[in-house]
Amino acid sequence: MSARYTLPQHPAFSDPLSKEDLYTLVARGSLARGEMCMDEDTGHMHTVGELVSGMRRPSASSGQARIARPMYREISPDTELPDEPEAEAEELEEEADEAAPEEDKDDDFDYSPSGEIILHHAHPSWLGYTKALILCLLLTVVGGLLCVIQLEYGLIALLCASSTLIAVGIARYSHDYIVTRERVELIWGIIGRSSKEARICDIRSIDVYEAGLKGLLGLGTIDFSTAANAGIEVQFKDMRSAHVVKDLVRKLQRGVDPTDD
């Protein structure tokens, strides 16, 4: 028997639902992926996004029809009446077919652990570590010259250059800049991952700085501030297309869905 789930925060859906039912509700826009539901067998809580992630659209013969239209009672009238339920079912099938492309469009995006669509995911640019990259280049040149004179010292210099490049790569990929419909988030760390976020609706100012050599290279820093704190809540440093990310957040604040572009 397949698992059944209940939605404690949605009294309208009082009956237990299957994963197919949850998928159908998400596709219709009646349920968000971040909503919590409870497994009736184990009592554990899950987000809807965790349960429906990677699922394909259920077939028309599955249980989604149970929640796709309201229940009705058949009454045998004295005179024949038009077959309205069948017409109503056909309209619902047409609406489901029209909604199918939207589901395919959402499947092109990645999802955060909480079930939110990730609209933008980036790391600091390699060019943000200019000094370390210059040092790596100098060590490579010196190592190449020393290999001609003294092979051992040349290998040491090349090893130092490789270690510097690896350290830059680790530092870069240990910082994640994420923008969803609900929040902007900075995640950093290698073994222990820390995070800092600000809700889109709480952001009051977005400052973009592009200056000096990094500005010429197309790198910028974005500062997100909220009314609750006079300081900077979240900062995206040394990232490309800083103004594009700023425009994306402003669209979300105006209620514009960037996935429709």
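A search of the whole structure finds five salt bridges, a salt bridge being a side-chain nitrogen of Lys or Arg within 4 Å of a carboxyl oxygen of Asp or Glu. The structure is a predicted model, in which local features need pLDDT of at least 70 and side-chain atom pairs count only at pLDDT 80 or more, while totals for chains, interfaces and linings use all residues. Residues are numbered from 1 along each chain as its sequence is written, and side-chain values use heavy atoms, with hydrogens and water left out.

**The chain as a whole**

- The protein chain has eight helices and eleven strands; helices (H or I, at least four residues) and strands (E, at least two) are DSSP runs, numbered from the N terminus.
- Of its 261 residues, 31% count as buried. Buried means under 20% relative accessible area, exposed means over 50%, and partly exposed lies in between (1.4 Å probe, protein chains only).
- Accessible areas come from the Shrake-Rupley method with a 1.4 Å probe, and for residues only the protein chains shown count as cover.
- Among contacts with a separation of 6 or more, 51% are between residues 24 or more positions apart; contact means heavy atoms within 4.5 Å.

**Salt bridges**

- The side chains of R183 and E116 meet in a salt bridge, at 2.8 Å from N to O. R183 lies in strand β7 and E116 in the loop between β4 (110-111) and β5 (117-122), so the pair ties together parts that are 67 residues apart in sequence.
- E116 is buried, with a relative accessible area of 14%.
- R183 also forms a salt bridge with E197, where the closest N and O atoms are 2.9 Å apart. This pair links distant parts of the chain, with E197 in strand β8 and R183 in strand β7, 14 residues apart.
- E197 counts as partly exposed because its relative accessibility is 37%.
- Another salt bridge joins R199 and D202, with the closest N and O atoms 2.9 Å apart. R199 is partly exposed at 44% relative accessibility, and D202 is partly exposed at 27%.
- Salt bridges that share partners join E116, R183 and E197 into one network.

**Around T180**

- T180 lies in strand β6 (residues 175-180) and is buried, with a relative accessible area of 2%.
- The side chains of T180 and E116 are joined by a polar contact of 2.6 Å. A polar contact is a pair of N or O atoms within 3.5 Å; within protein, one must be able to donate a hydrogen and the other to accept it, and residues adjacent in sequence count only if both atoms are side-chain atoms.
- The T180 side chain also reaches the backbone nitrogen of E182, at 3.2 Å.
- Not counting residues up to four places away in sequence, T180 touches E116, I117, I118, L119, I200 and L252.

- Strand β1 (residues 5-6) pairs with β2 in the antiparallel sense over two bridges, and Y5 stands opposite D39 in β2. Two strands pair if DSSP finds at least two bridges between them.
- In a regular strand the side chains alternate between the two faces of the sheet.
- Strand β2 (residues 36-39) has C37 and D39 on a covered face, and M36 and M38 on an uncovered one.
- β2 and strand β3 (residues 45-47) run antiparallel and are joined by three bridges, with M38 opposite M45 in β3.
- These two strands, β2 and β3, form a hairpin with five residues between them, and G43 in the turn has a positive phi of about 80°.
- G34 lies in the loop between α1 (19-28) and β2 and is partly exposed, with a relative accessible area of 42%.
- G34 and G115 are 81 residues apart in sequence and 5.2 Å apart in space, C-alpha to C-alpha.

**Strands β7 and β8**

- Six bridges join β7 to β8, which run antiparallel, and I187 stands opposite S195 in β8.
- β7 and β8 form a hairpin with five residues between them, where G189 in the turn has a positive phi of about 125°.
- I190 lies in the loop between β7 (183-188) and β8 (194-199) and counts as exposed at 62% relative accessibility.

**Surface patch**

- I166, I170, I190 and I191 form a nonpolar patch on the surface, with about 480 Å² of accessible area together.
- Patches are made of residues with over 30% relative accessible area and no salt bridge; like charges are joined within 9 Å, and nonpolar side chains (Val, Leu, Ile, Met, Phe, Trp, Tyr) within 5 Å.
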